[in-house]
Amino acid sequence: MLYALLSLSPILLALLAMVIRRIQLSAPKALFLSLCLAIVLALFVWKMEPVALAAYGVLGVCKALEVFFIIFGAILFLNMLRRCGYMEAIQRSFSRVSPDRRVQAILIAWLFGAFIEGTAGYGTPAALAAPLLVALGFPPVAACIVCLIANSTPVPFAAAGAPITAMVTAISSDLGNNAQYVAEYGLNFEQFLDEATKLTTLFLGVGGIVVPLLLIGVFLALYGEKGRKIRDFVEILPFGLFTGLAFSLPYYLISVVAGHEFPSILGSFIGLLVSVFAASKGFLIPKHVWRFPNDADIDEQPHTLEGVRSMPVWKGWLPYVCIGLFLFISRVAFFHLKPLLQAVTVGWTSLFGVESCSYTFQPFWNPGILPFALFAVIVGMVSGIGVRDVGRVCLGSFFQLLKTFSALVFGVAMVQIMMNSGINTSGMDSMLLVAAQAMADLTGPAFPMIAPIIGILGAFISGSCTVSCVMFTPLQFNTALIIGIDPLYTCALQTAGGALGNMICINNVVAVSATTGANGHEGRIISVNLIPMAIYVVIVLVTALIAMHLA
């Protein structure tokens, strides 16, 4: 038991350092301390070979860089669109569809937010969608709540799949080197990623059908007119289910056909087109126009946001259409572009003489570099803002993500050391195997029931589904092997939990409150969102149990 506690102590230290009110370190600082503790344990308790520790520390930095490139490219692309006026044209398009606040909440928080999550991720949906709702007349707290609830289903495939890529990257060594896994399941990196993508979209997609109803239900419970709340909910229920299906169905089907980069981008884009067209035609839209009690009279004519440029709406959407087309053409084998992009590789074999420590990176296959970063620069140059301004946006995007980068480096390096601490002179299993054995002994076959809770906890503390996956996926993977469950299921549940944790994670709540002027209401927002999150967790677990039973 002592070694089990020691093996878990780096992860527990990170959690406690970020949670305890009198300490409350940021994710980078907490993960740095955890990395230091993992190094001390690896050297002096597990007796890990120093050269192996150094090799896997470097490997962790490289794997973190790979994920960071995706995040940076996506954020750079989004910031360039904002700088050049494209985002304002996109925002203006939503204000023209319907004056009904329920419809606006669904279209902007659920579908537009999902699209931004798919292309950029990392808190940007709430930071963009919530201020847009406030500009349309929503109370700040209401805007925060609905945007955070909506920012759940698309999260694993943010920034063209960065979180789920990080999840599989965290266990990439085990996929090829774990004898038990290879003997029983034997999926390589790409196969595991594809299968985990399908399961994750299944678990979250079923719940995604009712997400619009969850956000509207909370929305009306807080701001609805007394005596009409149920009637107002029932009125919007058909349109809510329609928009839930409009995103979730293509979200799942695209994951089956096209892989991990497309579910949120294309699923939300299809859902947006279908739902906006339906709303503009009055399909399933209630005749009664719902307004806030203190709303000023709303003109039935299209709304226009202040300060927007006169850029046509179609032009505002054009860069995103180009991104989607490039990703589709480059990832579908029929077009034969994939081998060309994957041809350029950098990396090494047997770093520092450690045979199992090898690494390969394909820069032109990384979506952060191509298409996001390249297209961002092209948009800036075509828009005529000048080389200097393009450079400022690039530099600003980099500094915006410094904390995210450092958290990734410390977190991934810590996990790599814990995973490979079995290369030692003590004869002990690696830290993560020791921890996994303890979890297996404690929970037994019931472990999948707590798998998404672990993911939620990681996201709540770290503020990131990606960091949650980096920290806990190896534990989920190895525990599943020990209790005899296909680790695909626990890893998919980890990713789904990390996504649901976005509803209540501290970083997101603080960020969205700051952008909408809802400072001081963070506690209320978290407590309200616990209810829809709990409902979603139940839906995910029931779906997972049925899928495991049928497999």
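Q: Which residue forms a salt bridge with Asp100?
A: Arg102 does, and the closest N and O atoms are 2.8 Å apart. A salt bridge here is a side-chain nitrogen of Lys or Arg within 4 Å of a carboxyl oxygen of Asp or Glu. Keep in mind that this is a predicted model: local features need pLDDT of at least 70, side-chain atom pairs count only at pLDDT 80 or more, and totals for chains, interfaces and linings use all residues. Residues are numbered from 1 along each chain as its sequence is written, and side-chain values use heavy atoms, with hydrogens and water left out.

Q: Is Asp100 buried or exposed?
A: Asp100 is buried, and Arg102 is buried too. Buried means under 20% relative accessible area, exposed means over 50%, and partly exposed is in between (1.4 Å probe, protein chains only).

Q: How many salt bridges does the structure hold?
A: Seven. Another one joins the side chains of Glu235 and Arg228, at 3.4 Å from N to O. Glu235 counts as partly exposed because its relative accessible area is 23%, while Arg228 is buried at 17%.

Q: Why do side chains pair up like that?
A: Side chains of opposite charge can pair when their charged atoms come close.

Q: Where do Arg392 and Asp389 lie?
A: Both are in helix α18 (residues 387–400), three residues apart, which is about one turn of the helix. Helices (H or I, at least four residues) and strands (E, at least two) are DSSP runs, numbered from the N terminus. Arg392 and Asp389 form a salt bridge too, with the closest N and O atoms 2.8 Å apart. Arg392 is exposed at 52% relative accessible area, whereas Asp389 is buried at 15%.

Q: New topic: what does Glu195 touch?
A: Leaving out residues up to four places away in sequence, Glu195 touches Leu187 and Leu488. Contact means heavy atoms within 4.5 Å. Glu195 sits in helix α11 (residues 189–208) and is partly exposed, at 32% relative accessibility.

Q: Zooming out, how many helices and strands does the protein chain have?
A: There are 25 helices and two strands. The C-alpha trace spans about 75 × 55 × 50 Å along its principal axes.

Q: And how much of the chain is buried?
A: Of its 551 residues, 58% count as buried.
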